[in-house]
Structures are given as structure tokens and as C-alpha cells.
Amino acid sequence: METPLVALDPDDPAYRLVTLTHRDADCDGVLALLHTVTDKDRHAGDLTPHLMSRREDGTWAITYRLRADHRASYQLYPFRGEAPGTTRPDWLRVLDRALPDPHDTEPRLPARGGRHPSSVLSLPGAPAQPYVARREDVPRGRTLARTVAGRRVDVHLPAGHDPGRGPYPVAVLLDGEMWGEVLSVGDTLDNLTADGEIPPTVALLVHTLGPERPDDLSCNPAFVDLLADRLLPWAAAEFGASTDPAATVIAGQSAGGLTAAYAAYRRPERFGNALSQSGSFWWPDETEFDEGSEWLTRRFAAEERRPARFWIEVGLQEWMLLSQNRHLRDVLTARGYDLSYREFNGGHDYACWRGGLADGLAELLRRPAG
């Protein structure tokens, strides 16, 4: 039986009743991990709403009422004995062992660090993602592994790339090891290029998921200056990448989304376009910084407008980020910035971000600044 099972909500056509099922006679219970939705209750200390019930036929099942435009990755966690706890160590053990739905129908979302892939639920009204999957009928680019200033960078070059034919627009993607090695973003870039949604573009996939991440991606001027003064000139010399800020995009998610916006704030003469997905604009915690939280938003409000434009999105399920992203939206709008802003019905989830990244790159790279 293919799952999830999706039915109209008889009380409201804007919603769907989504049933996940699992057959496992050897377990004592099954926990459903619906990305961000389950996390919210885990943070509140109660996973009970996500424990499946056992039916008379022996299968386990749970039904969620979700708006018809919801998208989320999800997994199932069969367990023996007591249900898992909600502490961070408990949760990490769950994430290490959770499994995809064996009867899912959509292509799965790969994972890194030895974890299992996730199944993906996309309800009928979820935003289309036409550029994510690999297509065999488009010209293929190539990806090279390089090290710049001690940093690992994977460079995706468009099909037919010739440095002498530049300058090429350039996209700097933070968390590059996720986008390149796991999610194969080169396929997305090739699809966008083949369809004329973006011009042939040099993409710099900067690895930022290592131990330096908390320092690099916390409005760190040294890190942004390294990208601006070392990485971009190197890409221009090696691959014919543009030095025009209007043809340069920096993109990131979560702390990377914060850093993308910060790069446009600190170095707009190099980063003329910032693509932020689920940006951690709460940064820093009030206890960590004398000036309090939402530091970057307050800088944009107080200082002169930078010559930069922004593409920002956040998920409606991201209870820890939604209000801060809306606050930044309001500040940028009030200051007259060129801003594209949207909210998707999903969570802190690559299943959503991979489509949003394609949309944001298309918006920023195909439309002239101004």
C-alpha cells in the first residue's frame, strides 16, 4: 500500500487528512517524525501527539490534519520498550536510527553523516519544484573540488564553460557539502540554465558544516571578508567569475541565511544579492551579546541603505524564526530595499529549501538590479 494516504478534510477543503502507516509486529510503538511539526512538540517536552496507534490488523497509523499546501520530509522510528524521551541526547539517537517510509511514493531526501534518507510529503498546493530532479536531456556542467584559503570549496561550472567567455555570474552557496555532495545542486543549476531561468553561472559551494560553523556563520566579519577578498577574486581569475556585485549572489539557510544577509550588509560592493532561507535572525541570544537579540535587523534599521537586494523566505511552521523574518522584512521594506519575500507552508527542511533555492537564484540572477 502506497503512503501517505491523503484525503480531503470534510470540514474544510483547504486542509487534508494525511495518514502515515507502518507494519512492524516486533516493535512496541512507532514515532512519526514530521519535520519541524514533531520538533515543536519535542521542544515542548511531549512527543505523545506523534505516537502511532495500533490498528486491529496489526498496522500502526497516525493521521495529521495539514493545510493543502504543506510540504515536509518525514521518517518513522519503530522502538522497543518505552517511547523515546525528549532530551537532546534522546533526540539525536532517534535521528540516527529513524527510517524512511518503506511505502512512500516521492523521491527521497538524502541525508549526510550516515543517517537514513527521509521520505517527502508534498500536498497538492505545495509550491512546484520543477528544477530539483536530475534531467537526462539537459547539458551537464561539471563540479571540481578545490581548497581556497584553507577552505574546501566545490566549484560547479556550467555546461560549455570557458573562462575566456566570461564574466559569468557567480553564486556562493554556504553549507556547500550538503548542497553538493548530498543534494546534487549541480543538477538544479543545470536545469535552470537549460530552461533559461538563469544565465550560465559559476557556483562556489563553500563547506561550512564543520566545527568552525558557529563562528563562521554568526555575523563574523572575518569570514565574510575571506569570501569577499579571497574566494571571489580567486574565482574570477580561475573561472572567469564576475566581479560585479549585481551579478553575485550569496545564499544560505538557517545560520547561513543570517550570514548571507550579513554579507550584503557588510560588503555590498562584493555581494549585491542575498538569498536567505529560514534565516536565524534572532541572533544573538540576549545573554550572549550586550546589544540584545536581532542584531542584524537593528543594524539595517539604523544605518544607511546598502546597494543590495534580497530574496528571503521562511516556513510557516518555523515557530522559532517566523516573527524575526517578518520583522526583517518590515525593516527592509521601510528602508526601501529591493526585496522579494515569501512564506512557505513547511519547516526548517531541505525538502522545502531545495525548491526555494532554485526560485531565489532564478529571481536574483535573471532580473537586473534596480
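View 1. Counting as a disulfide any pair of cysteine sulfur atoms within 2.5 Å, the total comes to zero. Cys-219 is buried, with a relative accessible area of 7%, and Cys-352 likewise counts as buried at 8%, where buried means under 20% relative accessible area, exposed over 50% and partly exposed in between, for a 1.4 Å probe and protein chains only. The model is a predicted one, in which local features need pLDDT of at least 70 and side-chain atom pairs count only at pLDDT 80 or more, whereas totals for chains, interfaces and linings use all residues. Residues are numbered from 1 along each chain as its sequence is written, and side-chain values use heavy atoms, with hydrogens and water left out.

**View 2. The buried face of helix α2.** In helix α2 (residues 88-97), the buried residues are Asp-90, Trp-91 and Val-94; helices (H or I, at least four residues) and strands (E, at least two) are DSSP runs numbered from the N terminus. Seen down the axis of α2, these buried residues fall within an arc of 95°, so they line one face of the helix, the arc being that of the directions from the helix axis to the C-beta atoms. They pack against β3 (29-34), α1 (37-43) and β6 (71-79), with contact taken as heavy atoms within 4.5 Å.

**View 3. Nonpolar cores.** A nonpolar core is a set of buried Ala, Val, Leu, Ile, Met, Phe, Trp, Tyr and Cys residues joined through side-chain atoms within 4.5 Å. The largest has 48 residues, and Leu-204, Leu-296 and Phe-310 have the most contacts inside it. Helix α6 (residues 221-239) supplies the largest share of this core, ten residues. Apart from it lies another core, of 30 residues, among them Val-185, Ala-203, Leu-205 and Leu-275.

**View 4. Aromatic pairs.** Rings of Phe, Tyr and Trp (its six-membered ring) pair if their centres lie within 6.5 Å, planes under 30 degrees apart counting as stacked, over 60 as edge-to-face and the rest as tilted; the whole structure holds twelve such pairs. The centres of the Trp-179 and Tyr-350 rings are 5.5 Å apart and their planes lie at 70°, so this pair is edge-to-face. Trp-179 belongs to helix α3 (residues 176-182) and Tyr-350 to helix α10 (residues 350-366), 171 residues apart, so that the pair links distant parts of the chain. Both Trp-179 and Tyr-350 are buried.
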